[in-house]
Each structure stands twice: as C-alpha cells, then as structure tokens.
Amino acid sequence: MKISRMCLFLSLQWCCFLILYTHQLQPSQTQVLLQLRKQLEYPNQLQIWGPAIDLCFSSSPRVNITCRDNSVTEITIFGDSLQTRPTSFNGFPISYKTLSENFSMDSLIATLSRLNTLKSLSLVSLGIWGPIPDKIHRLQSLVYLDLSWNFMYGSIPSTISRIANLETLKLDGNFLNGTLPDSFDSFSKLTSLSLSNNLFTGPLPSSLQRVNSLVDINLSDNRISGELFDLSRLSSLRWLDLSNNRLDSLLASMPEFVTVVLLKNNTFSGRIPEQYGRLSRLRQLDLSFNALTEMGPAAIFALPNISSLSLGSNLLSGSVPMDLRCGDELEFVDISNNRLTGNLPSCLRSSTKKRVVKIGGNCLSIDIEHQHSETYCSEKHSDNEKSSRGKNNLGILIGVISGIGVVILILGFGFLVLCRKFCSQGSSEQHLLHKSVQDNSVAGGFTAEILTNAPKLGSQGSPPYRLFVLDELKVATNSFDKSASMGEGSNGKIYKGRLESGAHVAIRCLAVSRKYTIRNLKLRLDLLARIRHPHLACLLGHCIDNEGNDEVGANNVYLVYEYVPNGNYRAHLSETNPEKVLRWSDRLSILIGIAKAVHFLHTGIIPGFNSNRLKANNILLNEHRMGKLSDYGLSVVAQEIEKDKEEDGLKSWQMKSLDDDIYSFGCILLESLIGPSVCARKESFLLNEMVSLGNTEGQRRIVDPTVLASSSQESLSIVVSLTINCISPESSTRPSFEDVLWNLQYAAQVQATSDDVDNKSGKTLVSP
C-alpha cells in the first residue's frame, strides 16, 4: 500500500514537472511581455507581472496568456470597459482615456512582432491611440486579432491582408475613417470581420463578394454609402449587420443559409426581394428605418426559423394579404409607422403571450386609436410623387448652376494665367520666400507657414535662442585664431569660444549660397533653432555676415552651439585606459540616446530632417557620458544638398536620405562592436568579414575584446543582427528607426538583467 502511494506521489510530481517545463517561457519571450506592459503604461491588470512570475500561469478575468512549447501563443488583455467614450477624437492623447503622448503604435507592433508564435491577440479598451501602421503585417502568425474599443484613427492599411492565416479581425469602436480597403479577398481564411462603430465612408469594397470563407460581417454604425451588391455567393455567411449606415440602393440577394440580416437605418428603397421568402434558415430580419415601398413576399412571415421580423418605419403601402401565415417560431413582428391600409390576417391582429406585434402608425382598420386616417396615407403617397418631381426639377437646376460655375472657373483660370505671364516681375518678397522655401527646402515641404509656426519642440530647460553679432564671436574666439580651432569638416570650420558671460561654446562657420534671401535664410535658421532634444547638441544662436565672400556669391553663417566637453564617441571607442574604457552597457546607453535623437529628427517635425550625416565623431559626450548628436539638420541651410535633389528628384531624395541615416547609424553600430579601426577598412570589411560577424566564432575573432568581456551573448547577438540589417545593401530590408530604437532598448534590458544576475553571483565581467 505504501509503495503504491509512493508511486502515485512520484507520478503526480513528474506530471507537474512536465506541465511546468512545457510552459516555462524563454527569457526573450518574458522580456517582450514585460516590454508590452511598459508600452501599455503599466495598466492595473498587469501589476502582478514581473520577472519572477510565470506569466503563463497568471491569468485573471481580464488577462490571459497562453503558452505552448516555451512560447507565447495567445495574449488577451481587457481594459476598463466602464469608461465613457467621447463622440469624437482629434488624434491627440486625452488624459485618463488614452495612453500618453509617449505611446507609439509603431513600437507596439514592433514589440509584438518578436513573438513569432503568437496566434491570438486581444488588446481591448486599453486607450491605444494612433493610426494602424503599415508594419501590421509583421504579425504574420496571427489567426485572431482584436483591437476593439481603443482610439485608433486613419485608414486600415492594405498590408494587413498579408497576414495570410488571419481568421478573425475585430476593430470595433475606434475612430478609423476613410474607405475600406478593397483587398479583403486576399484573406483566404477570414471567417469573421467586425469593424462596427467607426467612421468609415465610401462604398462597400467589392472584394467582400469574393471572401467565401466569411461567416459573419459586422460593419454597422459607420458612414458607408452606395450600393449593396449581391451577396448570394458568400455561401458560408450566417450573420450580416450593416445597420446605421448610408446605403441607398435596392435590397440585394442574400446567401441561402444566412440566419441574421440586420440592415436597419439606411436608405434602402423599392421592394423586398422575392428571394428573401426562400431563406429557410433565416431567424432575424431587420429592415426598419429605410425607404422601402413594397412589402414583398408574404412568405417571409412563414419562414420555418424566423423569430424576429422588423419592417417598421418604412414607406410600405397597400394592404397585407389576408391569407398570410405566420411561422411557428415567429415571436416579434414590427410593421408600425408605414402606410398600410385595410385589415390584417389573424396572426398579426394583436400581440399574444407567444408573439409581440407592433402595428401602430399605419392607416389600418383595426386598433383605430393608434392609426392614422386613410387620407393620411394617400396624402403621403401624393406628397412623395410631388417630392420625386421636385427632385427632378432640382437636379435640372443644379445642372444649370454647375454649368455656369464651370464657365466662371475657366474664365478665372485664364485670367490667372495672364496675370502670371505679365505680372511675374512684380512678385512680392513674401511670394519669393514661399516659393524658395518650397523649392529649396531639403526636408521637402517646409512652407513659410511651417517655418514660422513650428513649435519649440523639447525646449523646456534649454537656454534661450538669440542672435549674435560678429564682433561678439570674434572676441570669443580671439578673431577666430588658429588656437581656437577645433577642426574642419565638409560643413566648415569649428572653433571653441568663450562668451562674455563665461560660457564656453562651439562655433561652426558655414558658407551659404546667396540664392536664399536674408529673410529666407533667417526663417530656415529659426526652424533649426526650434529643434531641441536632450540628446542633441543645443543650438544657442546664430550670426549672419553678408558682407564677405562676394567673389563666391555666399553669406557666412555662424552657428553657436553649447560646448560639450568630454570629446567624441569615436575617441572614446579608441580608449585603452581601463578606467575610461566604454563597457558594453555604456555603449548601449549612448547609442539609445542618439537613436532617440535621430528618431525625433525624423518624426518631431513634418516632414522631418532625414539627412543628418551621422558619424561616430559627430556624437559628443558630456561629463556624464551622455551622448549628444552634433551637425544635425545642417542641410536646412547648407547648399551642397541641392545637387542631389536636382539629380534624384525630391521624393527619391527624401527616401535616399532616410536610408542614408539608417545606413550611417548601422556604421556607428559597427564601430561600437568592432572599434574605430573598422573605418579605415570599412569597404573591405563589408565585403570579406561581415558574414563572420553573424556567428559566435567570428564574433570572438572580430568584436572588440572590451565588448566581448562586458556583454551577454543574447544582448550582443541582438545588436549584431540589428547592425547587419541596418547596413544591408537592399534599402527595403533595412529597419525603421522605431525598430532600431526598440532593438537597442531590448538589448540594454537583456544586458541589465544579465548584469544583475552576475552581480549577485559575484562576477564582474561576463564572457560570452
């Protein structure tokens, strides 16, 4: 007996071990979930999450994580469903309703895409806001996606159709707008489509007719207009809800086996199709609040499974057939507020315990106290005919007015052409400024309005921007003496100066083409002055000298920056003193700061500074070893960029510049891994040794020994992979800066966890 009990006990222990082992998450998956909690800004539902908690066994009524084979397969998080929902949303975060302004939809998708076994994702009523990014297709393994009752806006990107295995798509209760994408037929397995309570406009996408796998469609409470096309080919469809839209066609044929059809509160007209009387499995039909004029087949009342039939608040006229029969399952009938006359068949004359019947607001000969007189219904009919004729006359009037308007527009256009031809020499300075900014701005679209109204982003706590005079700068640099020189690059000479206040500054001298008027140039500099970020060297002011350089047709522009005293990043990477060397965690911290700054330059102002000449020696370190990017945004005032724009065209130039920043940052990552020596042999390294960087043996041979000694293998591998992607020859395969930033933060998080473990065990250095 004791032996059998012992065997049972051991068996139970072994089973428990197997269960726990089966669901023990990989560390990287746990880190992704913790990053998700951070991006959702630590909602109350996730307070129990932590590194020591097995997240696969921490389910609650509002949160569920399902795991299989050490990986996450399902994430379900429901927020506060009791929150009152605003009737409109302007795209900016709302306190206590949305996540903060720091939230990024792009970053959220990038985080979730790391879970390559994720099948089901439900993030409901969590205050998520922003447009759905094109990169949504990166969630390739999803079968079920529910982002309902958040604050997403904009259109649904067509790339979502690349989630090939998606079966359920729910985006109800957001502020999505625009027309629905016409690519639904790319979903070969889609069974449920629910996009209700949004702001969609335009027609129903014809591609819906070809999604034969669809079982239910809910597009109610939008602003969809136009025609309802034939849906009879959707053989699997069981539920259709298009209520509360603006559809204004005749009713269309339905699938043979549909069970629920909800089309209320549109503008459907004409007759109820005869085909509806043959929908043997139909249980609920709601056609109320439309403009239907003919009852159609009496057979719809006698369908074998019909339980609810709503035809109220239409324009149905005439009498109901006295031989009409009601089905045994029919429990609710609404034919109220129409123009029906005469008597009713026995099954519709009054409500019973088994059946509720609404017949008020007609001109029937029964239930007189709730009916109109017969003249009311006939008058209404006449009014309709008059209204129809009136609409025709109105159409003719509109056509005449439109024709007159077109003639006026043609005359006006001709007058404008003549004015431009004969008055071009009298253009004002403001017009020249506006045109010059549009034509010559390196950011492709800095209008005068943008230049003058751009906010001082991130300016809190920064020194105020001011104008300097040349004599002041000469005093600060001892007349630009060689002893004050800090070097010379492609963007001019740099001097160290000391202002009268005692503050040290760095002064860059630029030669700017005189094709810009002084006013134009000042506006460009003003835009540059408004860009502030903790990881950007602060621009304190400028001075324009338009008296020199006559022979080269240029103005001298002096840009005055804060002085960052601790040298540049490349010099620190060359450091051999053990006390000053940059460990792996230090390098990650600097790189994250610079990535944040570049991401800010790309997105902090529309359309963004996309060409920032990123180099390791343009990253300056302050006394706390915090990285600050210098030489950013100089293309706003520098003249060299014009040639590229003329050759490539504006759009291609912008994309090229954006890719250049990503590629250049990849080179900085490479220097961080290998050391500055890679600069002298970059081309040969990329050709001959880059492949070796991807394996452990190659890393031991190539990577800087300081990095090897102070990094964990997982953190190092993340950055190596990121570097390879950034310097990929194919620009289409390079990551976005959101992805760059996410990967670096993730690598730093992994490294911090590893360092904590090593500190507890007494180790000081970690060798991979």
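Biologist: What makes Cys 56 and Cys 67 a disulfide?

Modeller: This is a predicted model, and in it the sulfur atoms of Cys 56 and Cys 67 are 1.7 Å apart. The cut-off is 2.5 Å, and the pair lies within that distance, so it is called a disulfide. A disulfide is a covalent bond between the sulfur atoms of two cysteines.

Biologist: How many disulfides does the structure hold?

Modeller: There are 3 disulfides. Another is formed by Cys 326 and Cys 347, whose sulfur atoms are 2.1 Å apart. That value is also within 2.5 Å, so the name applies to Cys 326 and Cys 347. With 65° about the S-S bond, their link is right-handed. Cys 326 sits in the loop between strands S20 and S21, and Cys 347 in the loop between strands S22 and S23, so the pair ties together parts that are 21 residues apart in sequence. Cys 326 and Cys 347 are both buried.

Biologist: Why is the disulfide of Cys 363 and Cys 377 called right-handed?

Modeller: The torsion about its S-S bond is about 95°, so this disulfide is right-handed. The pair links distant parts of the chain, with Cys 363 in strand S24 and Cys 377 in helix H4, 14 residues apart. The S to S distance between Cys 363 and Cys 377 is 1.8 Å. Cys 363 and Cys 377 are buried.

Biologist: What pattern do the disulfides of the chain follow?

Modeller: With bonded cysteines counted along the chain, the pattern is 1-2, 3-4, 5-6.

Biologist: Why is Cys 538 called buried?

Modeller: Its relative accessible area is 8%. Buried means under 20%, so Cys 538 qualifies. By the same cut-off, Cys 667 is buried because its relative accessible area is 11%.

Biologist: Which residues of helix H7 are buried?

Modeller: In H7, residues 470-477, Leu 470, Leu 473, Ala 476 and Thr 477 are buried. They cover an arc of only 120° around the axis, which puts them on the same side of H7. The face turned away from that buried side carries Asp 471 and Val 475, which are exposed. Just after H7, Asn 478 has a positive phi of about 55°.

Biologist: How do you know that the span of helix H16 agrees with its number of residues?

Modeller: H16 has 14 residues, and at 1.5 Å a residue they should span 20 Å; the end C-alpha atoms are 20 Å apart, so the two values agree. Among the buried residues of H16 are Leu 716, Ile 718, Val 719 and Cys 726.

Biologist: What makes S4 and S14 the edge strands of their sheet?

Modeller: The open sheet has 6 strands in the order S4-S6-S8-S10-S12-S14, with parallel pairing. S4 and S14 each pair on one side only.

Biologist: How do you know that strands S12 and S14 pair?

Modeller: Pairing requires at least two bridges, and S12 and S14 have 2 bridges in the parallel sense, so they pair. Ser 225 stands opposite Arg 246 in S14.

Methods
Residues numbered from 1 in each chain as written. Predicted model: local features only at pLDDT ≥ 70, side-chain atom pairs only at ≥ 80, totals over all residues. Heavy atoms only, no water. Buried < 20%, exposed > 50% of the residue type's maximum accessible area, 1.4 Å probe, protein only. Helix = DSSP H or I, 4+ residues; strand = E, 2+ residues; numbered from the N terminus. Arc of directions from axis to C-beta. Expected span 1.5 Å × (residues − 1).
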